[in-house]
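Please open the structure in a viewer and keep the sequence at hand.

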Amino acid sequence: MRWFAFSVYEFAQFNIFTPHVLPANFTCHYPTIMKKLLLYLITLFIPVLAIAQNSNWGWGPAITTSLSGTTLTCSAFDPVQNLTKTTSVTGVASFINNQGVVGYVTSGSTVGGLVYDINMNTWQQTVFSSNSGNTFQNSDGVIAWVSASGTVGGAIYDPIVKAWEYTNFSSNSGNTIQNSKGLVAWVSTAGTIGGAVYDPSLHLWRYTTFSSNSGNTFINSEGVIAWVSAAGTVGGAVYDPGPQVWKYTTFSSNSGNTIANATGVIGFISSSGTVGGAVYDHDQQQWKFATFSNSSGNSNVSVSNGTVYWNSSNGPQHWGYNFISKNWLSNYNTDLHCKLFVTNPSGSTPFITYFWCLSIGVNAYSTNCGDGHIITRRWGFKQYATAGNYNAELTIFTFNASTTCNQNVTVVTGLTDMQVENELNIYPNPAHNLIQFSGTRFTGVEIYNVYGALVQAKQFAEATPDVTVDVSEYASGVYFARLFDGNNFVAKKFMVE
């Protein structure tokens, strides 16, 4: 039974063929781990086409691909129409098919993507970039690319707005990228570090730079970006979906610092042996970091299950973070900690929400969405069949332990897609002085810029079908309007010239 429990956990990591050695203290907690992992195993073998959702992606059907010469053929089964839908792209040099999202690059370096939109019953294909020398990565629904000259960009398909959302983040010379678990990170040859994430509640990419120190290198892991400069300045960044901002800071500037970044925790050690660690506490919405030891005999810092380990002249040492006391503690193993953050921007049908897995100490997770559907990825869209209240449960795993956290998901009936399409009008677009939104009666409007910052908000004493916004003081560019109908909203892009 111990072997069986371990194998199930490996299934959860999609890594069952990699040999492992069981830790000596391995124990099997049947009421928690076995129950949840057996449920997960069952879902692997039950077809999910009836609800048209992938076990990983949480939205849309799986895609099969084949490349014949330079022609890429993609197929997906549409259970609503009971048909297999096929499309092709020519001139393809390479592609990556990952969890219902296909990214590709042509022989001419054009980067594009495909998904099958189950609600529109059509393939959605878009070209994102045609810069010379483009290469790309496709991970967890996010396609990221970088050109030979250093232009970095990212794309994700947003099933709520039924469109690919893509943009460029940086054009610094020599940029290289890491695309992992929904986060895109990059560093230039000059050392400028940046990160980007798509926030579905704003329908915008949120990106910024964290550091421009010479010689910066970085590690992008489990929602955390850590970096260290040639001079030894160590920092970290996360995107917090609560306040919808990047939270980043520096922890140490000791000479010769090196870093470890794993399972949501950063460890660092200087050339003189000063050891420390940092973690972002989502409960307090702040970085918590400390120095653990300062001894010339310290070496070999590492992070495992959220705990920082190193070797000293007295033997192995470790410190962990306690989420109750909110302090780092000596000879303590970091608590497994999770927070399930739900973005539920879709007041219209279909009922689509977004789950953020915020976890410390693990790299395996499973979200039971409350309707029997289980998603085994960190972040992702989820579509519900009907309105109602759902108790979503996130479970995070190590080899011999797990913990859970819950979040209520309320799916409400709001504006339908047909109402939006037939009744909402924007004029003029592009706008110069005034822009008018007309259609369904609205109770308020919020305007965001391309970086996701709130520019203007208005509430109305009475619901009105005509909303006029003065944009004469706006800088030229792309903006995003959210128009509210009670507790629901319609989101639309517009331009200001």
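Begin by selecting residues 425-427, strand S35, and residues 434-449, strand S36: three bridges pair them in the antiparallel sense. Strands here are DSSP runs (E, at least two residues), numbered from the N terminus, and two strands pair if DSSP finds at least two bridges between them. The model is predicted, so local features need pLDDT of at least 70 and side-chain atom pairs count only at pLDDT 80 or more, while totals for chains, interfaces and linings use all residues. Residues are numbered from 1 along each chain as its sequence is written, and side-chain values use heavy atoms, with hydrogens and water left out.

Select Asn425 next; its bridge partner in S36 is Ser438. Six residues lie between S35 and S36, which form a hairpin.

Asn449 is bridged to Tyr479 in S38.

**The sheet S16-S17-S18-S19**

Move to the open sheet of four strands, ordered S16-S17-S18-S19 with antiparallel pairing. S16 (217-221) and S19 (245-252) stand at the edges with a single partner strand each, so one side of each has no neighbour in the sheet.

Finally, select S17 (residues 224-228) and S18 (residues 234-240), which run antiparallel and are joined by four bridges. Here the bridge partner of Trp227 is Gly235 in S18.
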